[in-house]
Amino acid sequence: MVEKTYPMTIQGKEKLEAELEDLKVNKRKEIIERIKVARSFGDLSENSEYESAKDEQAFVEGRISTLENMIRFAEIIDDRDVAMDQVSLGRQVTFKELPDGEEEAYTIVGSAEADPMAFKISNDSPMAKALLGKKIGDTVMIETPGGSFEVEILKVDKAQ
């Protein structure tokens, strides 16, 4: 069976490793303490604090497992063989919607580190799929669930 790989930047992997460390070192201890305190309240069948702590414990353990898997199968993005004016994983692309839209800039990253609020979009997103491999000056039709639009690529930079 082939394991799924998770393309990501080295910074993205380091961020996941830091989150994993925090969950293992700090969050686990906090939850164990909450469970101990809740148990001291007596009858566990009607103890909402206990149930809440157990639910959080299950969530944290699931997240730890997910992070360990993502880190184990991380595929660090190496864009050294890609032309500097070409859109690829780990690069920031600046474009404007045609005919007269404002400039927008997004960094294309693996799904493990996507964060649309920080303008980091997954390479699996419709927008990234349309932009990958294109070069400065290209016009690209982007098909999204909300409709389609055309953009012109203005700039491609190394991600910050």
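Reply: Happy to! Please keep in mind that this is a predicted model. Where they touch, seven residues come from domain 1 and seven residues from domain 2.

How much area do domain 1 and domain 2 bury between them? The figure is about 510 Å², and 64% of it lies on carbon and sulfur atoms. As background, the accessible area lost when parts come together is often used to give the size of an interface. For polar links, the count between domain 1 and domain 2 is one residue pair in polar contact, with both residues at pLDDT 80 or more. The count of salt bridges between domain 1 and domain 2 is zero.

Now for the domain 1 side of this contact. Strand E1 (6–8) and helix H1 (10–39) are the elements that each give two or more residues to it. E1 supplies the largest share, three residues. Sorted by class, the side of domain 1 that touches domain 2 has five nonpolar residues, two polar ones and no charged ones.

Helix H1 also takes part in a charged pair. Side chains of opposite charge can pair when their charged atoms come close. Here Glu-19 forms a salt bridge with Arg-63, and their closest N and O atoms are 2.9 Å apart. The pair links distant parts of the chain, since Glu-19 sits in helix H1 and Arg-63 in helix H2 (residues 48–72), 44 residues apart. The count for the model comes to six salt bridges.

On to the other domain. An unreviewed UniProt entry lists residues 85–157 as "domain: Transcription elongation factor GreA/GreB C-terminal". That span is 8% helix and 47% strand, and its end C-alpha atoms lie 8 Å apart.

The peptide bond from Leu-98 to Pro-99 is cis, with omega near 10°. Pro-99 is placed in the loop between strand E3 (91–97) and strand E4 (103–109). The other detail is Phe-119, which has a positive phi of about 60° although it is not a glycine. Phe-119 is found in the loop between E4 and strand E5 (120–122).

Note on methods: Residues numbered from 1 in each chain as written. Predicted model: local features only at pLDDT ≥ 70, side-chain atom pairs only at ≥ 80, totals over all residues. Heavy atoms only, no water. Contact = heavy atoms within 4.5 Å. Buried area = accessible area lost by both parts, 1.4 Å probe. Salt bridge = Lys/Arg side-chain N within 4 Å of Asp/Glu carboxyl O. Polar contact = N/O pair within 3.5 Å; in protein donor to acceptor, adjacent residues only side chain to side chain. Helix = DSSP H or I, 4+ residues; strand = E, 2+ residues; numbered from the N terminus. Nonpolar A, V, L, I, M, F, W, Y, C, P; charged D, E, K, R; others polar. UniProt positions renumbered as here; feature names shortened; annotations may be inferred.
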